[in-house]
Amino acid sequence: MTLLRVDIKNAGYDKEKNIIQDIAFSLQRGELVGLIGPNGAGKSTTIKSILQLIENMEGEISFYDNRYSYIPERPIFYDELTLWEHLDFIAAVEELEDKAYKKKAEELLRLYKLLDFGHELPTTYSKGMQQKAMLVLATITSPEIYIIDEPFIGLDPNAMKSFLTSIQEERKRGVGILMSTHVLDTAEKVCDRFLLVNNGKLAASGTIKEIRQQCNLPEGSLFDCFHFIAEELEDE
Ligand SMILES: Nc1ncnc2c1ncn2[C@@H]1O[C@H](COP(=O)(O)OP(=O)(O)OP(=O)(O)O)[C@@H](O)[C@H]1O
């Protein structure tokens, strides 16, 4: 079952200048799709277009379930709320059942080793702790779709493992995840499909096998394919 369908004709920050063109794909139930590409390729712009945060966008975005969580590249918190107060706030807005939500919140805080810091202000956390706190806040509502902009940078190996465990659990629930990342070896291991963006366009897409075929690199890793695509376009 399709959870999200994206058909972006073009989008940009300025009416006169398109940053991305012709990016079309869908996200199925239980699927983890990796959005890959060099710095400035247009990954965040694609995500912002999906979230309708870009004014100059031509195309169509269809969410088949409106319960989605967006995890931005840079964590954002309310200055004066502790992590538990953030959680309480979300629970109130989403009308989550009190006992079940508190149990789930405790499990997540334990998973991400934040239980001892729950009554502190996330704005005073380290970068990795802030990222983990964002993951807790995104997961607490049990969304059907996650849109995650670069989750790995800043996470220590334990936190990385916790994150991967958590998303595997969520996938069993049928959740669909679109995740942009530069950590290609991990992406290659965990993602079902990939979207390789370069120069604002979809340069290749599909399973690693399909991407290898498109790049004519039958034994290539995702890293090799990424370089092939980035260099090929540079030579044009
Ligand atoms: N708010 C903005 N206003 C104007 N141009 C922007 C804005 N944000 C991004 N851009 C431009 O859009 C292009 C694509 O940027 P984008 O942030 O989508 O890349 P990215 O693939 O996410 O890169 P990175 O891997 O570095 O995060 C870049 O040329 C960038 O300068």
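User: Why are H4 and H5 described as roughly parallel to each other?

Analyst: In this predicted model, helix H4 (residues 127-139) packs against H5 at an angle of about 15°. Angles under 35 degrees count as roughly parallel, and H4 and H5 therefore receive that description. Their axes lie 11 Å apart.

User: Is the crossing of H4 and H5 left-handed or right-handed?

Analyst: H4 passes H5 in a left-handed crossing.

User: Which residues make the contact between H4 and H5?

Analyst: From H4 come Gly128, Lys132, Leu135 and Thr139, and from H5 come Ala159, Phe163 and Ser166.

User: How do the residues of the contact of H4 with H5 divide into nonpolar, polar and charged?

Analyst: The division is three nonpolar, three polar and one charged. Leu135, Ala159 and Phe163 belong to the contact, and Leu, Ala and Phe count as nonpolar. Lys132 also takes part, and Lys counts as charged. Gly128 is a further member of the contact, with Gly counted as polar.

User: What domains does the domain assignment give?

Analyst: The assignment gives domain 1 as 2-67 + 144-235 and domain 2 as 76-142. Their C-alpha centres lie 26 Å apart. Domain 1 brings nine residues to the contact, and domain 2 brings 10 residues.

User: Which helix gives the most to the side of domain 1 that touches domain 2?

Analyst: Helix H5 (residues 157-172) does, with four residues. The residues on that side of domain 1 comprise four nonpolar, three polar and two charged.

User: What is the strand order of the open sheet?

Analyst: The three strands stand in the order E2-E1-E4, and their pairing is antiparallel.

User: Why is one side of strand E2 and of strand E4 left without a neighbour in the sheet?

Analyst: Strand E2 (20-28) and strand E4 (56-63) each have a single partner strand, so both stand at the edges. From one strand to the next, the twist averages 5°.

User: What makes E1 and E4 count as paired, and how many bridges join them?

Analyst: Pairing requires at least two bridges between the strands.

User: Where does helix H1 lie, and at what angle to E1?

Analyst: Helix H1 (residues 43-50) lies across E1, E2 and E4, and its direction makes about 115° with E1.

Terms used:
Residues are numbered from 1 along each chain as its sequence is written. This is a predicted model: local features need pLDDT of at least 70, side-chain atom pairs count only at pLDDT 80 or more; totals for chains, interfaces and linings use all residues. Helices (H or I, at least four residues) and strands (E, at least two) are DSSP runs, numbered from the N terminus. Axes are lines fitted to C-alpha atoms, for helices over the stretch in contact, and angles run from 0 to 180 degrees between N-to-C directions. Two residues are in contact if their C-beta atoms, placed from the backbone, lie within 7 Å. Domain bounds come from an automatic or database domain assignment. Angles under 35 degrees count as roughly parallel, over 145 as roughly antiparallel, 65 to 115 as roughly perpendicular and the rest as oblique. A crossing is left-handed if the near helix is turned anticlockwise from the far one by less than a right angle, and right-handed if clockwise.
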